[in-house]
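Subject: Structure for your review

Dear colleague,

Please find the structure below, followed by an account of what was found in it. I would be grateful if you could read the two side by side.

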Amino acid sequence: MTTAKLEIRHNAALQRFEATVDGELARADYRMDGNVMRMVHTEVPHRLEGRGIAGCQLVRAALEHARAAGLSVLPRCS
């Protein structure tokens, strides 16, 4: 099941893309290494899993940001 399109925020200070869903924070963390965005962690509260929040929305937002900024992406999170 995929959730409705979320309002995703790029929190550059904390190096993550995040969204609040049903009052809970879901996030995709990255670390910059020059022009490489290393995707290091995604976290979705257990009760929100299976709704496409991490892979379909948060990571997609990160990839779109990287593409627009001319960055390479290196996944380091399963």
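Please note that this is a predicted model. The account begins with the strands, then turns to the core and to individual residues.

Strand pairing

Strands E2 (residues 16-21) and E3 (24-33) run antiparallel and are joined by six bridges. Within this pairing, Phe-17 has Ala-28 of E3 as its bridge partner. The two strands form a hairpin with two residues between them.

E3 is also joined to E4 (36-43), again in the antiparallel sense, by seven bridges. Arg-31 stands opposite Arg-38 of E4, and Met-32 has Met-37 of E4 as its bridge partner. Here too the strands form a hairpin with two residues between them, and Gly-34 in the turn has a positive phi of about 65°.

Together with helix H1 (53-69), strands E4 and E5 make a right-handed β-α-β unit.

The nonpolar core

The largest nonpolar core has 18 residues, and those that touch the most other members are Phe-17, Met-37, Met-39, Val-44, Ile-53 and Leu-58. Strands E2, E3 and E4 and helix H1 each supply at least two residues of this core. H1 gives the most, with six residues.

Met-37 illustrates how separate parts of the chain meet. Not counting residues up to four places away in sequence, Met-37 touches Phe-17, Tyr-30, Arg-31 and Met-32, as well as Ala-62, His-65, Ala-66, Leu-71, Ser-72, Val-73 and Leu-74.

The count of aromatic pairs comes to one. This pair consists of Phe-17 and Tyr-30 and is tilted, with 5.8 Å centre to centre and 40° between the planes. The pair links distant parts of the chain, Phe-17 being in strand E2 and Tyr-30 in strand E3, 13 residues apart. Both Phe-17 and Tyr-30 are buried.

Gln-15, by comparison, is partly exposed, with a relative accessible area of 26%. This residue is placed in the loop between strand E1 (9-11) and E2.

Backbone angles

Most residues other than glycine have a negative phi. Against that background, two residues deserve mention. Gln-15 is not a glycine, yet has a positive phi of about 50°. Asp-22, in the loop between E2 and E3, likewise has a positive phi near 50° in a residue other than glycine.

I would welcome your comments on any of these points.

With kind regards

Terms used. Residues numbered from 1 in each chain as written. Predicted model: local features only at pLDDT ≥ 70, side-chain atom pairs only at ≥ 80, totals over all residues. Heavy atoms only, no water. Helix = DSSP H or I, 4+ residues; strand = E, 2+ residues; numbered from the N terminus. Core = buried A, V, L, I, M, F, W, Y, C linked by side-chain atoms within 4.5 Å. Buried < 20%, exposed > 50% of the residue type's maximum accessible area, 1.4 Å probe, protein only. Contact = heavy atoms within 4.5 Å. Phe/Tyr/Trp six-rings, centres within 6.5 Å; stacked < 30°, edge-to-face > 60°. Pairing = 2+ DSSP bridges. Right-handed = clockwise from strand over helix to strand, strands pointing away.
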